[in-house]
Amino acid sequence: MDYRMPLYIQLQDIILKKIEEKKYLPGEMIPSERKMAEIYGVNRMTVKRAINKLVEEGYLYRELGVGTFVAKRDNKKIDIDYQNETGNSGISAIFRERGIKISNRILGMGDITGSKFINYKLGQAETEIIWGLHRVRFGDNMPFAIEYTYVPKKYFDDIDNFDFSKVSLYDYMEANGHLPTHFIQNLIICSANEKIADLLNVKKGSAVFRIEYQASDKDYNLVEYTKSYLNPEFAEFRFVAEAE
Amino acid sequence: MKLLNKDEFIANEIQYYFIKNDLQEGDKLPSERNFAEAFGVQRATVRAAYKILEEEGIIEIRERSGRYVGHSRITTNLQEVKSFSEKMHEIGIKTENKLLAFEAVEVDKELSKKIRLPIGTPLYKITRVRKALRENSIIPVSIEYSYIPENLAPKLMRYDLEDRSLFDILLKEYGRQPKKDDQVIEIVYANEFEAKTLKVDQMTALVKKSGITYDKDGNVLQYLHTVMNKEWVQFHQGNEIIEKKINEVLKDGL
């Protein structure tokens, strides 16, 4: 930073550096405008201007009558790559790559019979037995997703013997020769009902991502239907489209 | 049935009923009693199932009149580089495009990071509102801020930005073909202007889609920042082979 730069820009730089170097931690209150004006020997308006800019850009946020805080959002936000034809890793794989500790709590698992809807979503005849797995997924011990996953039992005879709070479902599916490879995906934003809000630890009615996957293996056998709700605090979706 | 509660199970089956019977937006739904008999459950269960579907925006309740299939959503196809109005036509929602502002601006520091162009680059900033034209109403669905480098489309203002899609103008008038889209979808909360324009309350959750469109030579063709009413949009990635397989099962009369 050049010393001839306007002071408010230099100030912004100082604050950003301190956030980067973890001298100001996410959620922590930074010194008051008055204090900063004193430290750096600048006008209070200059401090205000620098902070306003950083609030606008989302690095800081103000709490009325309390002070200015370092935003948590950027630090906690985790990109979840929108799965594509080539990317065959589930969400957990992507999290692991980024060094976040994923854990799961199983809400329920077992056979489902007689659901025309789920059999339809999996392109299976009505008589096929479906196996379901309902999980809450945690990143660094915070719930970030609820996943309702269904697979046709006929491809996965011994699926009841595995503990999918520890074993990756995709690893298991791959070992059985039916790794989800091609996807239909649908993303909407909906309001969390009581159950979802409770599990995701958000307020009832707050906006959450709802994404549905229908996946086939490389031979186009339909092997997975998943409906998942994600807390937007932890996820955003990125996608790349290319024209022919 | 241990995995799903009864009401969740029935909510699914009601959705299947919509698909199987090809119910469309605005169609009236069977009564609680009808479904209770058909599924062999209590009426209270059907009521709870309907509530779940209402919360997900799949059905809507009209006062003193009953329950109906909810409106469809404007679909953004994630594999295709297409303009918004083309996407609207695909699913039969008619739209109107209103130009709010056309400005000549320069890239500032903040925008520079987003559009990946140096500060000072001359741009056109186009602010438009998209409205869905309904039977009895016009609903503002999104606000779109498009930033187009001036050197790629000089005198862009000459063209009709309300009736023509921006991509159509760029292609036909300037020979610029959009090739690659790199976008992020987030949830944001309406500020005063967005709330007023989209006719929602301030701090209502909105969908933000933002990112860059490149042409085949890798030039930045547009930086787009769109905020949308979440009730009206969905993002989709299709797969023809899978879809065909699913529909075959439906035809076989599950």
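In the predicted model, strand 7 (residues 182-191) of chain A is joined to strand 10 of chain B by three bridges, and the two strands run antiparallel. Within strand 10 of chain B, H236(B) is the residue that stands opposite N186(A).

This pairing was considered alongside the contact between the two chains. Chain A contributes 42 residues to the contact and chain B contributes 45 residues. On the side of chain B that touches chain A, at least two residues each are supplied by helix 1 (6-20), helix 3 (43-55), strand 7 (178-189), strand 8 (205-215), strand 10 (233-237) and helix 8 (240-251) of chain B. The most is given by strand 7 of chain B, with 10 residues. Divided by class, this side of chain B comprises 20 nonpolar, 15 charged and 10 polar residues.

The nonpolar cores were examined next. The largest nonpolar core contains 53 residues, and the residues with the most contacts inside this core come from chain A, namely L187(A), V208(A), F209(A), Y229(A) and L230(A), and from chain B, namely V207(B) and M228(B). Strand 8 (residues 207-216) of chain A gives the most to this core, with six residues. When neighbours within four places in sequence are left aside, Y229(A) is in contact with A145(A), I146(A), I196(A), L200(A), V208(A), F209(A) and R210(A). Of these partners, V208(A) and F209(A) are also listed among the residues with the most contacts inside the largest core.

Terms used:
Residues numbered from 1 in each chain as written. Chains lettered and ligands numbered in written order. Predicted model: local features only at pLDDT ≥ 70, side-chain atom pairs only at ≥ 80, totals over all residues. Contact = placed C-beta atoms within 7 Å. Helix = DSSP H or I, 4+ residues; strand = E, 2+ residues; numbered from the N terminus. Nonpolar A, V, L, I, M, F, W, Y, C, P; charged D, E, K, R; others polar. Pairing = 2+ DSSP bridges. Core = buried A, V, L, I, M, F, W, Y, C linked by C-beta atoms within 7 Å. Buried ≥ 20, exposed ≤ 12 C-beta atoms within 10 Å, placed from the backbone.
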